[in-house]
Amino acid sequence: MISVDLHLHTCHSFDCATPLDEVVHASQRSGLDCVAVTDHNTIEGALRLRESTDLRIIVGQEVGTSDGELIGLFLSEPVPRGLTAIETIARIKEQGGLVCIPHPLGRRRFHANSKVGSIENGQVTLSRAVRRANRLLTDDVLTRVDMLETINSRTPFKGTWRAISRLADLYGLPVTAGSDSHTAREIGRARVVMPDFTDAASFLAAIRDARPSGETSSLFIHFASMYARLSRRLC
Ligand SMILES: [Zn+2]
């Protein structure tokens with residue numbers, strides 16, 4: 001089994017100042033075997049890291065679509081921002097990548113017994129609260145993506161994490177976990193422990209046996225992103 005943080009940012013994101021070498025050191029310090037580098041709208045940092053370090057890197061991108069954010073993993077080309085979710089999913093899959101919806105319920109609070117939807121004769125009906133949480137949560141999108149991110153350290157409510165797992169169950173989707181770190185000290189705060197894999201196909205099989213875990217990051221961490229945005233330094 002290997003330990004993987006499936007969502008983190010580097011200084012190649014507009015709101016993150018973590019240099020690439022700090023990403024490597026922090027990942028190693030927190031016992032990660034592999035990380036998915038998922039900068040906003042670029043794969044440059046991920047490609048550079050993959051070439052310059054022994055740490056295993058999944059090349060990813062958090063893509064801003066016209067409907068909300070999607071993560072592509074196992075990419076070889078950057079995905080243009082601003083396309084619709086359906087077009088973006090197609091672009092990711094054309095290059096053999098996998099698609100995950102990060103923080104699908106945003107920062108909304110869902111309780112342990114919050115209803116996320118129901119299924120009847122194979123047809124899913126999502127609850128109003130879920131539909132209002134994220135425009136991406138439609139049948140069209142949820143039947144095309146590969147995974148949902150259930151644990152994101154920057155979403156503060158554990159009840160919301162559990163609600164995402166129930167949503168994933170409705171569609172038979174596996175779940176992932178990632179720190180969504182924008183500072184080095186957040187790296188590894190959420191992770192999956194999963195069977196090893198060699199490529200996108202074997203990852204997709206292995207993620208079904210993954211154990212996601214994680215802790216929430218303090219709300220203070222959002223000030224670090226704001227600061228990074230204002231004091232932008234180049235990688
Ligand atoms: Zn992110």
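Q: Which strands does H2 lie across?
A: This is a predicted model, and in it H2 lies across S2 and strand S3 (56-65). Its direction runs at about 175° to S3.

Q: OK, zoom out for me. What's the strand order in that sheet?
A: The order is S9-S8-S5-S4-S3-S2-S1-S10-S11, an open sheet of nine strands with mixed pairing. The edge strands are strand S9 (175-178) and strand S11 (211-214), each of which pairs on one side only. From one strand to the next, the twist averages 30°.

Q: How many bridges between S2 and S3?
A: Seven, and S2 and S3 run parallel. Asp39 of that pairing has Gln61 as its bridge partner in S3.

Q: What do the helices between those strands make, in terms of β-α-β units?
A: S1, H1 and S2 make a right-handed β-α-β unit. S2, H2 and S3 make a right-handed one too.

Q: Are S1 and S2 enclosed or open?
A: Five of the seven residues of strand S1 (residues 2-8) are buried, so S1 is largely enclosed by the rest of the structure. S2 is mostly covered, with six of its seven residues buried.

Q: Switching to H1. Which of its residues are buried?
A: In helix H1 (residues 20-29) they are Val23, Ala26 and Ser27. Looking down the axis of H1, those buried residues fall within an arc of 100°, so they line one face of the helix.

Q: What covers that face, and what's on the other side?
A: The cover over the buried residues of H1 includes strand S2 (34-40) and helix H2 (44-52). The face turned away from the buried side carries the exposed residues Asp21 and Arg29. After H1 comes Gly31, whose phi is positive, near 75°.

Q: Now the core. Which residues touch the most other members?
A: The largest nonpolar core has 58 residues, and the ones touching the most other members are Val35, Val37, Cys100, Val145, Met147, Leu148 and Ile164. Helix H6 (residues 158-171) gives this core its largest share, five residues. In soluble globular proteins, nonpolar side chains tend to be buried together.

Q: Val37 keeps coming up. What is it in contact with, beyond its sequence neighbours?
A: Leaving out neighbours within four places in sequence, Val37 is in contact with Leu8, Thr10, Gly45, Ala46, Leu49, Ile57, Val59 and Gly60. Leu8 is also the residue that stands opposite Val37 in the S1 and S2 pairing.

Q: Is Asn41 buried or partly exposed?
A: Partly exposed, because Asn41 has 17 other C-beta atoms within 10 Å, and a residue counts as buried at 20 or more.

Q: And what about His103's phi?
A: His103 has a positive phi of about 25°, although it is not a glycine. His103 sits in the loop between strand S5 (98-101) and strand S6 (117-120).

Q: Buried or exposed, that His103?
A: Buried: His103 has 25 other C-beta atoms within 10 Å.

Key
Residues numbered from 1 in each chain as written. Predicted model: local features only at pLDDT ≥ 70, side-chain atom pairs only at ≥ 80, totals over all residues. Buried ≥ 20, exposed ≤ 12 C-beta atoms within 10 Å, placed from the backbone. Helix = DSSP H or I, 4+ residues; strand = E, 2+ residues; numbered from the N terminus. Arc of directions from axis to C-beta. Contact = placed C-beta atoms within 7 Å. Core = buried A, V, L, I, M, F, W, Y, C linked by C-beta atoms within 7 Å. Pairing = 2+ DSSP bridges. Right-handed = clockwise from strand over helix to strand, strands pointing away. Axes fitted to C-alpha atoms, helices over the stretch in contact; angles between N-to-C directions.
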